[in-house]
Amino acid sequence: MLSYIARRLAAGVVLLVAITTVAFLLLYAGGGNIARRIVGQSATEEVVARKAAELGLDKPLWEQYWNWLTGAVHGDFGRSWFSGETVVAGLTSRLAVTLALVCLTTLIAALLAVVLGVLAATRRGWIDKVVQFGSVLGFAIPGFLIALALVVVFSINLGWFRATGFIRPSDSVSGWLKSITLPVIALAVGSIASVAQQVRGAVLDALSRDYVRTLRSRGVPSRRVVYKHVLRNAGGPALAVLGVNFIGMLGGTVIVERMFLLPGLGQLAVNATTQADIPYVMGLVLATAVIVVVVNLVIDLAQAALNPRVRLS
Amino acid sequence: MSTVAVPAVPLEVLAEAPAGKVSLLRRLLRNPIGVTCLGYLVLLALVAVFGRLMAPQDPDRADPGNFLASPSAEHLMGTDSTGRDVLSRLLAATQISVAAALLATVIAVVLGVVTGLIAGYFGGWFDSISSWIAGLLMAMPGFVVLLAARAVIGPTVWMAMVVFGVLMAPGFFRLVYAAVTAVRNELYVDAARVAGLSDARIIGRHIMSVVRAPIIIQAAMAAGIAVAIQAGLDFLGLGDLGVASWGAMLNDGFAKIYNQPILMLWPSLAIALTCIALTLLANALRDELERAGAAPKRKKKAGAARDDGDVIIQAADVIVHGADAHSQALTGEVLLDVHHLRVGYDQPDGSVTEVVHGIDLRVHRGSIHGLIGESGSGKTQTAFAIMGLLPAGGRVLEGASIMFAGQELAGGSEALYRGILGKRIAYIPQEPMSNLDPSFTVGSQLTEPMRLALGLKRAQAKQRALDLLDRVGIPDPARTFAAYPHEISGGMAQRVLIAGAVSLDPQLLIADEPTTALDVTVQAEVLELIRDLQTELNLGVLLVTHNFGVVADLCDQVSVMQRGLIVEAGPVRAIFHDAQHPYTQSLLDAILDDAAPRGPLGADREEVAP
């Protein structure tokens, strides 16, 4: 088990190196262009060259990469070209906001999706039709449109929630919950839709298995068969989708955080992108890749815990 | 849909694809949802092409004196924050948004399909490298990659969509790759190769025909995601705000959300409807594909059990042999008395397909009753009906009676059966492996019913389970108790299931082909075990089988079942010596060929052995 985790983490490090290398080369290859974008299109060649030299963009690409990599190994990911803030400091404060948002959303989505999926698969009839149709809609409609609708209805018309203004949980937990309620709903809808669909399919599949009949033939009540045996066997596929959704949400939060002005990674990403603040962009790519590696590992460990046939090797 | 992960089209769909001979488009046109979505998308395509010509005003002409105007005769949808006509702008924006989504989709399809075909068909280094790159691309959230790319390429719609197309390509790569590797070694592809067809023709004719439909489905999904992503980028202000697009209009509207919220309605509707239409279209296509694949199979399956034509099948002509001295000596009180049992399945059109047409059956305490017939004769349906465990849609029809120890079970609720199943009627299934839950240990599956039904403590239940495992001949009960089903053999699993069946002290055992799925060497041992337990516990047994050899070994009484009816019934000796019905005779003839090994068990053996 421990050696499996160690091996997976080692593979994760290889993936991180691969992703950051590709990202670095793509981002820095156009060194001159970056300098020009920063100083503006009307600047003279001389100004552009001076800016490039100032940021170290005039050095050979491999040298820049080596500098970045040696720094990264020591936990130094450089500084923002604009604010001068270190990338590590800028990322960590915002990472917490985003991770809390995404984790809470995933938790809520998982619970609701399991309930809806199981209801649809076991009750069939109209519940099934509603869940299936709702899943298609929830999956199809982009999250930011749902966020917009929520703002218009609940902030502007009903005034239940403020559309903007983040409250840190350290200041007030209830305030925090209130300030992220709409963002969580906006993010959760798509996730609930796809996971509920998956749970429904997996439960239907598990229900048709022979062992369900055999368990019932031993007098195990069908409700217990569903919640203990069927759900456990249906859990694997659902977990896989949940993992994919978690990673997808890292992208989804960008829009939602921007709309609700949450000081998370998404905000940072948009600012870094528009300003061409490349050290921050690199930091973001790396942070995202680390989360991807960790989430995939956690999902695989959970799969193994659920399903004894999955061998961790 | 802010995630970029394109859900993979399940492979079953792939497998079914060749069956879709009837044009998929034609079937789609008959599907109400499909035709609605298609209609909307055609309309959208027309607007995208002719939108600028249809625009009543110049979509880019600002009128600072008339900004944020409400809808009026002059401006049907009002004006935006700089006084541009919203309707004209929406028509122009459709062109940009549709073209952008199309660009990303085309790039994804072309790149994914071409690399998938090459990697899947030829394999080798290209396979390893492209699979690795696909994995790398899929590892990262697409939106984050897009943002990173945007930092370098700047605010252009088209470059962003090229990048996004590349990001979506792995979805198509995987789809095509899986299909090609599955098909590559098929006989008909080999045949084509032997026949001298070039690789290009084999790919074109045999492989593309398999993956074409799934690619279309995936492309519809991908296009929907591209619409959403493109709008999202522009909405964030990361696109080229000088160009009218749905996302840019939304951005403008969002800035004025408190003044004129209706501004966001039109682009939102366009985005939402387009995404929904594309997703529903993909779903409708998949449904039609699955239906095309499943339809012939279902027909065949139903036909096997269904009566031929409209012949009314009556239960009158059963040949019943009288009890002889031997069978009379054996029979105790009647445990199970089934009378006029009919089993039907509700069809979607409201009709009922009958698979068991009114049968009578009696099982006595302490005796074994064989129910024999070929597959599809309704014998398993009869067994499930008695236990109230028919699959979804199946039910015992009116007028039937299932008397068990003086209690009527026909049409009984789950609550009624809860006191019966396991504790009084137990079941031994056919396939040992699929009848154990793969996620729980053997021990936990054995003890769960004991603890529920008998109220045993954990330790008591465990002890009883170990004793039972020992009793059914498992060499190391403790090890098997702790094992997962995939860690034990089929013969072991069947013993475990038998132990489970007798664990709650039942009076009646229903065994459905208990040896069919087992190795020949194990069959005799398992039959012997059932016989021993039956005598030891004085059980009544209903043994469902297709093998007269098994009947000869074990049974006291036998009922021969054909097409949902019992055609001949009586003591086993009488049937063997004096079979009247041609079907019984043909089954008897079959045991001469179907020489199932039988151990030296039954007293009847000498009489029937060939």
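In the predicted model described here, B:Glu448 forms a salt bridge with A:Lys228, the closest N and O atoms being 3.7 Å apart, where a salt bridge is a side-chain nitrogen of Lys or Arg within 4 Å of a carboxyl oxygen of Asp or Glu. By this rule, 2 salt bridges are found across the interface of chain B and chain A. Residues are numbered from 1 along each chain as its sequence is written, and chains are lettered from A in the order in which they are written. Because the model is predicted, local features need pLDDT of at least 70, side-chain atom pairs count only at pLDDT 80 or more, and totals for chains, interfaces and linings use all residues, while side-chain values use heavy atoms, with hydrogens and water left out.

The contact (heavy atoms within 4.5 Å) takes 65 residues from chain A and 66 residues from chain B. The area buried between the two chains is about 6000 Å², of which carbon and sulfur atoms give 72%; buried area is the accessible area, with a 1.4 Å probe, that two parts lose on being put together, summed over both.

Chain A itself has 12 helices and 0 strands, helices being DSSP runs of H or I with at least four residues and strands runs of E with at least two. Its C-alpha atoms fill a box of roughly 85 × 55 × 35 Å along the principal axes. Of the 313 residues in chain A, 52% are buried, that is, under 20% relative accessible area with a 1.4 Å probe, counting protein chains only. Among contacts in chain A between residues at least 6 apart in sequence, 73% join residues at least 24 apart.

How values were computed:
Buried means under 20% relative accessible area, exposed over 50%, partly exposed in between (1.4 Å probe, protein chains only).
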